[in-house]
Amino acid sequence: MWPVIPALPPMPKVAASTLLRPPGAVAEQEFLALCVQCGQCAHTCPYGAISMTGDTHTGRHTPVVDPRVVPCWLCMKCPPQCPAGALDGKVTQPAKAHMGRAVILKDRCHNYTGGIMCWTCYDRCPLRGTAIILQAGLTPTITDACVGCGVCEYVCPVRGVVTVARGNSHGR
């Protein structure tokens, strides 16, 4: 018999300053100044991970990634498509994406709550073995090599991972 997993509360909504930007995005204030809202990055993304979202304060539609919907799979096709420099076109390596950082919620993750060994986040991480390692060969641990793509958040069966945007207290 499978263990009963209690219903989890909904994930909190993120503030505009904590939006997860596509790979290669410059610092948020500079990003907002440079982005011309053309949507080229969203159009280029083969996974549909980038959407154009409206900022209720400015009415601007800027690109964001919501890993709960579709994570960034680090194909790195979007940075070179940005005509305005809001995404650094020289960023072509997944390890340089620097979108943010994943955080394991130890009160939700199977490996920390006991009883079930789950390595879904580790197995699916595009930077497996560097961004996520298995501590003592058993427990997934996020390292400084994490770029915040959100794949681990997307695949976690108990929403035990959140991706924090760069510039937030836990992101870079």
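Me: Where is Leu 138 found, in terms of the strands around it?
Reply: This is a predicted model. Strand S4 covers 132-135 and strand S5 covers 139-142. Leu 138 is found in the loop between S4 and S5.

Me: Is Leu 138 buried, partly exposed or exposed?
Reply: Buried means under 20% relative accessible area, and exposed means over 50%. Leu 138 has 43% relative accessibility, so the residue counts as partly exposed.

Me: Which residues make the nonpolar surface patch of about 290 Å²?
Reply: Leu 138 belongs to this patch.

Me: How do S4 and S5 run, and how many bridges join them?
Reply: The two strands run antiparallel. Ile 132 has Ile 142 in S5 as its bridge partner. Their hairpin has three residues between the strands, and Ala 136 takes a positive phi near 55°. The number of bridges joining S4 to S5 is four.

Me: What kind of aromatic pair do Tyr 47 and Trp 73 form?
Reply: The structure holds one aromatic pair. The ring centres of Tyr 47 and Trp 73 are 6.4 Å apart, with 50° between the planes. Planes under 30 degrees apart count as stacked and over 60 as edge-to-face, so the remaining class applies. The pair is tilted.

Me: How many residues apart in sequence are the parts that Tyr 47 and Trp 73 tie together?
Reply: Tyr 47 lies in the loop between helix H2 (40-44) and strand S1 (50-54). Trp 73 lies in the loop between strand S2 (61-65) and strand S3 (100-104). The separation in sequence is 26 residues.

Me: In the salt bridge of Asp 144 and Arg 101, what is the N to O distance?
Reply: Asp 144 is in the loop between S5 and H5, while Arg 101 is in strand S3, 43 residues apart. Asp 144 counts as exposed at 60% relative accessibility. Arg 101 is buried at 17%. The N to O distance is 2.6 Å.

Methods: Residues are numbered from 1 along each chain as its sequence is written. This is a predicted model: local features need pLDDT of at least 70, side-chain atom pairs count only at pLDDT 80 or more; totals for chains, interfaces and linings use all residues. Side-chain values use heavy atoms; hydrogens and water are left out. Patches are made of residues with over 30% relative accessible area and no salt bridge: like charges are joined within 9 Å, nonpolar side chains (Val, Leu, Ile, Met, Phe, Trp, Tyr) within 5 Å. Accessible areas come from the Shrake-Rupley method with a 1.4 Å probe; for residues, only the protein chains shown count as cover. A salt bridge is a side-chain nitrogen of Lys or Arg within 4 Å of a carboxyl oxygen of Asp or Glu. Buried means under 20% relative accessible area, exposed over 50%, partly exposed in between (1.4 Å probe, protein chains only). Rings of Phe, Tyr and Trp (its six-membered ring) pair if their centres lie within 6.5 Å; planes under 30 degrees apart count as stacked, over 60 as edge-to-face and the rest as tilted. Two strands pair if DSSP finds at least two bridges between them.
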